[in-house]
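Please open the model in a viewer and keep the selection panel at hand. The stops below proceed from one chain to the other.

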Amino acid sequence: MAINLEYAGRTFEPSEPYEVSRVKIAEFAEAIGEPSPLCRDRAAAQAAGYPDVIAPPTFAIVISSAGAASVIHDPDLGVNYAMIVHGEQSFSHTRPLHAGDVVVTQSTIESIRPAGGMTMLTTVTEIRTVAGEHVCTARNTLVERGA
Amino acid sequence: MTSPSYDEVAAGTELPPRSYQVTRRDLVRYAGASGDFNVIHWNERVAKSVGLPNVIAHGMLTMALAGRFVTEWAGDPGAVTEFAVRFSSPVVVPDDDKGATVEIAGTVAEKLPLNEVRVEITARSEGAKVLTRAHAVVRLP
């Protein structure tokens, strides 16, 4: 089944709040080999001017993917998950995420473009605090390879 | 390594190139930390059945290494404001102890206002460009 082109432009409901924890930031930093104490040591992060330990820039994918998962797995969208590869990714940060942030995401399918037997699905996910402060915009392009 | 200041970098300043190893163990750990359990990142049988040469690394792990390359240079994981990549070729991770090698290099392409610089990044694995159009905007002290 092909991806449903009628989903282009659709904006989905905001996610449930996600609370950024020190443990999750440290786990993610370990997994990518990021050695900075600013990801692990609250005193070091505060000495650098941050409220608490900060997340590496690509940590936002953990939150944006969780938010976008309900989009990608919507059966009516018709994505064949096994044939998906990641095409492009970008992040635009107003500030780093830090431990203690409670954020919600909202995703919009920006475009769905068939291209040479493949389909490119671009989703934009806004990450904001529950108070409405913008933290990050993530733009994700998935490529469904031809079956 | 002390972090560079905005005043001491110029367009053309090269970041010290780095080489990172990515093993199957790293993929398992990244899957757990990120929540991306797509089977092509850990199951050789399924990866090959969908036409891939072998298990491939998460694109986001490759991007994270490129991010680390930049933030280690800048001395602050919070210094990156913009970060964008295109995944042009997969990082194929063999089932051995060495894994794949990802070689990352970068150059300051442009100095921007507000102490920010734009860094162009290249990443290669086994001779293939694995990231293209990769760049980060980084705030320097």
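The tour begins with chain A as a whole and then turns to a helix and the cores.

This is a predicted model, in which local features need pLDDT of at least 70 and side-chain atom pairs count only at pLDDT 80 or more, while totals for chains, interfaces and linings use all residues. Residues are numbered from 1 along each chain as its sequence is written, and chains are lettered from A in the order in which they are written.

Select chain A. Its elements run β-α-α-α-β-β-β-β from the N terminus, with helices (H or I, at least four residues) and strands (E, at least two) taken as DSSP runs. Along the principal axes, the C-alpha atoms of chain A fill a box of roughly 50 × 30 × 20 Å.

Next, select helix H1 (residues 24-34) of chain B. Asp26(B), Leu27(B), Tyr30(B), Ala33(B) and Ser34(B) are buried there (20 or more other C-beta atoms within 10 Å of a residue's own, with C-beta atoms placed from the backbone). These residues lie on the same side of H1(B), because they cover an arc of only 130° around the axis (from the directions from the helix axis to the C-beta atoms). Among the elements covering them are helix H3 (60-72) of chain A and strand E1 (14-22) of chain B. After H1(B) comes Gly35(B), with a positive phi near 85°.

Now select Ala66(B) and Val138(B), which touch the most other members of the largest nonpolar core, a set of 69 residues (buried Ala, Val, Leu, Ile, Met, Phe, Trp, Tyr and Cys joined through C-beta atoms within 7 Å). H3(B) supplies the largest share of this core, ten residues. A second, separate core of eight residues includes Ile3(A) and Leu142(A).

Technical notes
A residue is buried if 20 or more other C-beta atoms lie within 10 Å of its own, exposed if 12 or fewer, and partly exposed in between; C-beta atoms are placed from the backbone. Two residues are in contact if their C-beta atoms, placed from the backbone, lie within 7 Å.
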